[in-house]
Amino acid sequence: MHFALTEEQTAIQDTALAFARDRIAPGALEWDETSHFPLDVIRETAVLGMGTIYVPAAQGGSGLTRFDGALIFEALSYGCPAISAY
């Protein structure tokens, strides 16, 4: 069986990984130590289409699949599992 991500899935994964690296990971330890909930950073995920993953595009969402969501959650976990879970 051959398995490979589509170009769109690779782009989704790359975007989420870059966001995790640039916006989540630098603050994750401090947020954890101070019990800070970085709402401003989480709101930035919405701009990237990660806030309404499973809502159909016709209704204003991203209209992505469960697999796309798994790619996003896994990638965001590299920055902070708690943020990804939220």
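1. Start with helix H3. Its buried residues are Asp-68, Gly-69, Leu-71, Ile-72, Ala-75 and Leu-76. Viewed down the axis of H3, these buried residues fall within an arc of 155 degrees, so they line one face of the helix. Here "buried" means under 20% relative accessible area, "exposed" means over 50%, and "partly exposed" lies in between (1.4 Å probe, protein chains only). The arc is that of the directions from the helix axis to the C-beta atoms. An α-helix has 3.6 residues a turn, so residues three or four places apart point the same way.

2. A word on the source. This is a predicted model, where local features need pLDDT of at least 70, side-chain atom pairs count only at pLDDT 80 or more, and totals for chains, interfaces and linings use all residues. Residues are numbered from 1 along each chain as its sequence is written, and side-chain values use heavy atoms, with hydrogens and water left out.

3. Now the overall layout. The protein chain has 4 helices and 0 strands. Its pattern along the sequence is α-α-α-α. Helices (H or I, at least four residues) and strands (E, at least two) are DSSP runs, numbered from the N terminus. The C-alpha trace spans about 45 × 35 × 15 Å along its principal axes.

4. The accessible surface of the protein chain comes to about 5,700 Å². Carbon and sulfur atoms hold 57% of that surface. Accessible areas come from the Shrake-Rupley method with a 1.4 Å probe; for residues, only the protein chains shown count as cover. Of the 86 residues in the protein chain, 34% are buried.

5. Back to H3 and its length. Helix H3 covers residues 66–77, which is 12 residues. At 1.5 Å a residue, H3 should span 16 Å, and its end C-alpha atoms are 16 Å apart, which agrees. The expected span is 1.5 Å times one less than the number of residues. What covers the buried residues of H3? The cover includes H1 and H4.

6. Two residues of H1 deserve a look. Gln-9 sits in helix H1 and is buried, with a relative accessible area of 15%. Leaving aside neighbours within four places in sequence, Gln-9 is in contact with Ala-4, Phe-67, Asp-68 and Leu-71. Contact means heavy atoms within 4.5 Å. Ala-28 is also found in helix H1, and is buried at 12% relative accessible area.

7. Helix H2 has two sides. Val-41, Ile-42 and Thr-45 are buried in H2. Seen down the axis of H2, its buried residues fall within an arc of 100 degrees, so they line one face of the helix. On the other side of H2, Arg-43 and Val-47 are exposed. Cover for the buried residues of H2 includes helix H1 (7–34) and helix H4 (81–85). Just after H2, Gly-49 takes a positive phi of about 85 degrees.

8. How many salt bridges does a search of the whole structure find? It finds 2. A salt bridge is a side-chain nitrogen of Lys or Arg within 4 Å of a carboxyl oxygen of Asp or Glu. One joins the side chains of Arg-21 and Asp-22 (2.9 Å, N to O). Arg-21 is exposed at 54% relative accessible area, and Asp-22 is partly exposed at 45%.

9. Arg-23 forms a salt bridge with Glu-44, with the closest N and O atoms 2.6 Å apart. Arg-23 lies in helix H1 and Glu-44 in helix H2, so the pair ties together parts that are 21 residues apart in sequence. Arg-23 is partly exposed at 32% relative accessibility. Glu-44 is partly exposed at 28%.

10. Last, a surface patch. Phe-37, Leu-39 and Tyr-86 form a nonpolar patch on the surface, with about 330 Å² of accessible area together. Patches are made of residues with over 30% relative accessible area and no salt bridge: like charges are joined within 9 Å, nonpolar side chains (Val, Leu, Ile, Met, Phe, Trp, Tyr) within 5 Å. Leu-39 lies in helix H2 (residues 39–47). Leu-39 is partly exposed, with a relative accessible area of 33%.
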